[in-house]
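Please examine the structure shown below.

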Amino acid sequence: MRQLSISTGAGVFDTIVAGPPEGRPVLLLHGFPQTGRVWRRQIAALAAHGYRVAAPDQRGYSPGARPQRPEDYRIGLLVDDVVAIGEELGWAAFDLVGHDWGGAVAWWTAHVHPGRIRTLTVVSTPHPRALATTLRTDQDQRRRSHYMIDWRETPATEERMLAHDAQELRGLYAGKVPPDSAEAYVSHLSRPGALTAALNWYRAGRPDGAIGVIGVPTLYVWSTEDSAFGPAAAEETGRWVEGPYRFETLQGVSHWVPEEAPEALTRLLLDHLGAHAGTEPADAPFADSSQR
């Protein structure tokens, strides 16, 4: 693995890259409150299997791509970042993987740019329409999602999270994230402006339009002890995928799947990619064939 700085019109994204330059490209998107480091185990396994892997620190997490206004974190701009990073890497099309907020961005990218996405893998985060439906109809999901209101509407949230040696921020990892990674995330988000930028993802407002049904081959992985997303939204997600769809449940695993259950997730991911080894998106746009 090595660090690469990827320059786009939106700024410079710090990115972990690994694997042979000619390998089939896979882009991995992290969530809150983490960085591209969350995918270390998956990156190593994918690279060992010949894939070319990139895991950027997304908008707000990369110091070189950290606008101050909440509206600069709208979902459309986050999707644009994914496409721009792919273009800078010379990837006309790629497999896309996302967890937590990265999963939401992955769903939207597959909706807006299906011609760029060979396969989609989303961990934890249900399809946005499935989540919206259950927020209206399922009391359990409303309870699980209540934290979003606090983080969105309380300006002092970041001060509270970082108080007393970031006790509240550390508590989010619930002992399920390796201690060295938890310390790395806390250190990263304790830098001036970093946690506010990360919370701006929650404060950016609603998407401009509605997301539709996903047509690309999709793997959705949900875990039974996820505190943020309940079974109703997870089960509803399949209604919003019309392409080949696989739904996997990890028993006894919390929200922090990539680090708490790395072997299980990696096995599912490799199976999914292998099952669609010959898949090419329809009408994939031309991009330079050079690989970084």
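The lining of the largest pocket comprises 20 nonpolar, 5 polar and 6 charged residues. Here Ala, Val, Leu, Ile, Met, Phe, Trp, Tyr, Cys and Pro count as nonpolar, Asp, Glu, Lys and Arg as charged, and the others, Gly among them, as polar. The model is predicted, so local features need pLDDT of at least 70 and side-chain atom pairs count only at pLDDT 80 or more, while totals for chains, interfaces and linings use all residues. Residues are numbered from 1 along each chain as its sequence is written, and side-chain values use heavy atoms, leaving out hydrogens and water.

A pocket is an open set of points on a 1 Å grid over the protein atoms alone, where a 1.4 Å probe fits, with protein on both sides within 12 Å along at least five of seven lines; lining residues have an atom within 4 Å of a point. The largest pocket has a volume of about 1,000 Å³, a volume being the space filled by probe spheres set on the points, which are joined across faces, edges and corners. Of its 31 lining residues, Leu131, Leu135, Met148, Arg206 and Pro207 are the closest to its centre. Helix H4 gives the largest share of this lining, 6 residues; helices are DSSP runs (H or I, at least four residues) numbered from the N terminus.

Glu158 belongs to helix H7, residues 157-172. Because its relative accessibility is 10%, Glu158 counts as buried (under 20% relative accessible area, 1.4 Å probe, protein chains only).

Methods. Helix = DSSP H or I, 4+ residues; strand = E, 2+ residues; numbered from the N terminus. Buried < 20%, exposed > 50% of the residue type's maximum accessible area, 1.4 Å probe, protein only.
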